[in-house]
Amino acid sequence: MTWRATVLTLFPEMFPGPLGVSLAGKALASGLWELEARDIRDSATDRHRSVDDTPAGGGPGMVLRADVLAAAIDAADADQGRPHLLMSPRGRPLTQSQVAELAAGPGPLVICGRFEGVDQRVIEARNLQEVSIGDYVLSGGEIAAMALIDACVRLLPGVMGKQASGEDESFSEGLLEFPQYTRPQEFEGRPIPEILTSGDHAKVAAWRRAEAEALTRARRPDLWAARGGQKGTKSTTDG
Ligand code: SAM
């Protein structure tokens with residue numbers, strides 16, 4: 001079965017957007033994955049097609065209604081067993097291992113919030129898993145959904161030209177990626193590190209490993225601590 005992302009949004013016209021170009025776009029056009037963007041407003045029941053209302057208890061802004069969103073989820077949910085994700089700054093931060101898990105499954109139903117968020121009761125009643133893409137607040141869940149879907153799609157079989165290109169990447173072993181270089185041999189007085197042009201594959205691998213460890217330790221002590229903080233060397237790219 002083809003991997004499919006179903007997105008529930010008030011702005012279906014935002015899709016495929018960036019997912020329609022480059023790697024993800026080519027894969028979409030060639031049928032390696034499918035994208036369905038559904039309008040939450042189609043599940044509104046009143047004359048004005050309203051989807052939101054004022055927050056109970058007062059306060060600014062509007063809240064997406066539980067009944068409308070639940071109806072949209074139920075109408076989209078023909079496939080059983082798909083993860084139901086709600087993009088939300090309150091969610092668990094998205095990680096590469098979660099992305100890999102999602103890519104290995106049938107593809108998620110992704111709900112994009114707007115306004116002040118969604119009524120808590122639909123989160124509970126439809127068992128929505130809240131997912132954040134970082135500690136900042138976007139105006140809607142669509143860009144967050146695109147980030148999540150893009151990260152999944154590039155891991156699908158046949159999408160990346162060379163399957164190996166996913167293996168050494170940042171986070172693949174709980175480490176950030178080593179620095180990359182390409183021609184010219186010298187740029188504004190900065191040569192490519194000699195070891196990378198030595199042709200000694202074992203030395204190149206050891207250098208990259210040491211750089212990845214040093215970068216991770218310097219920039220992401222949280223990731224470093226999670227791996228148990230192994231000894232590394234100082235990076236040439238970090239101060
Ligand atoms: N009032 C909410 C709060 O303080 O948590 C913020 C709501 S935000 C303006 C509107 C919608 O954007 C959210 O419901 C969510 O779908 C999406 N969103 C905003 N920031 C996000 C983030 N960091 N990760 C994932 N989704 C986000």
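Mentor: Begin with the contacts of one residue, a contact being heavy atoms within 4.5 Å. Leaving aside residues up to four places away in sequence, I123 touches L86, R90, V118, L128 and E130. Two notes on the source: this is a predicted model, in which local features need pLDDT of at least 70 and side-chain atom pairs count only at pLDDT 80 or more, while totals for chains, interfaces and linings use all residues. Residues are numbered from 1 along each chain as its sequence is written, and side-chain values use heavy atoms, with hydrogens and water left out.

Trainee: Where is the place of I123, and is I123 buried or exposed?

Mentor: I123 sits in helix α4; helices (H or I, at least four residues) and strands (E, at least two) are DSSP runs, numbered from the N terminus. Buried means under 20% relative accessible area, exposed over 50%, and partly exposed in between, with a 1.4 Å probe and protein chains only. I123 has 7% relative accessibility, so it counts as buried. Sequence distance and spatial distance can also be read side by side: I123 and M87 are 36 residues apart in sequence, with their C-alpha atoms 11 Å apart in space.

Trainee: How many salt bridges does a search of the whole structure find?

Mentor: Side chains of opposite charge can pair when their charged atoms come close. The criterion here is a side-chain nitrogen of Lys or Arg within 4 Å of a carboxyl oxygen of Asp or Glu. The search finds 13 salt bridges. One of them joins R90 and E130, with the closest N and O atoms 2.9 Å apart. R90 belongs to strand β5 (residues 84–93) and E130 to strand β7 (residues 129–132), so this pair ties together parts that are 40 residues apart in sequence. R90 counts as exposed at 57% relative accessibility, whereas E130 counts as buried at 19%.

Trainee: Which salt bridge does E142 make, and are E142 and R114 buried or exposed?

Mentor: E142 meets R114, at 2.8 Å from N to O. E142 lies in helix α5 (residues 142–153) and R114 in the loop between β6 (109–112) and α4 (120–125), so the pair ties together parts 28 residues apart in sequence. Both E142 and R114 are buried. Another salt bridge links the side chains of R121 and D119 at 2.7 Å, N to O. There R121 is exposed, with a relative accessible area of 58%, and D119 is buried at 16%. Salt bridges with shared partners also join R4, E34, E36 and R38 into one network.

Trainee: How many disulfides does the search find?

Mentor: A disulfide is a pair of cysteine sulfur atoms within 2.5 Å, and the search finds zero. C112 is in no disulfide, the nearest cysteine sulfur being that of C152, 14 Å away. C112 is buried at 0% relative accessibility, and C152 is buried with a relative accessible area of 0%.

Trainee: What about the domains?

Mentor: Domain bounds come from an automatic or database domain assignment. For this chain, the assignment gives domain 1 (3–153) and domain 2 (168–226). Taken over C-alpha atoms, the centres of domain 1 and domain 2 are separated by 36 Å.
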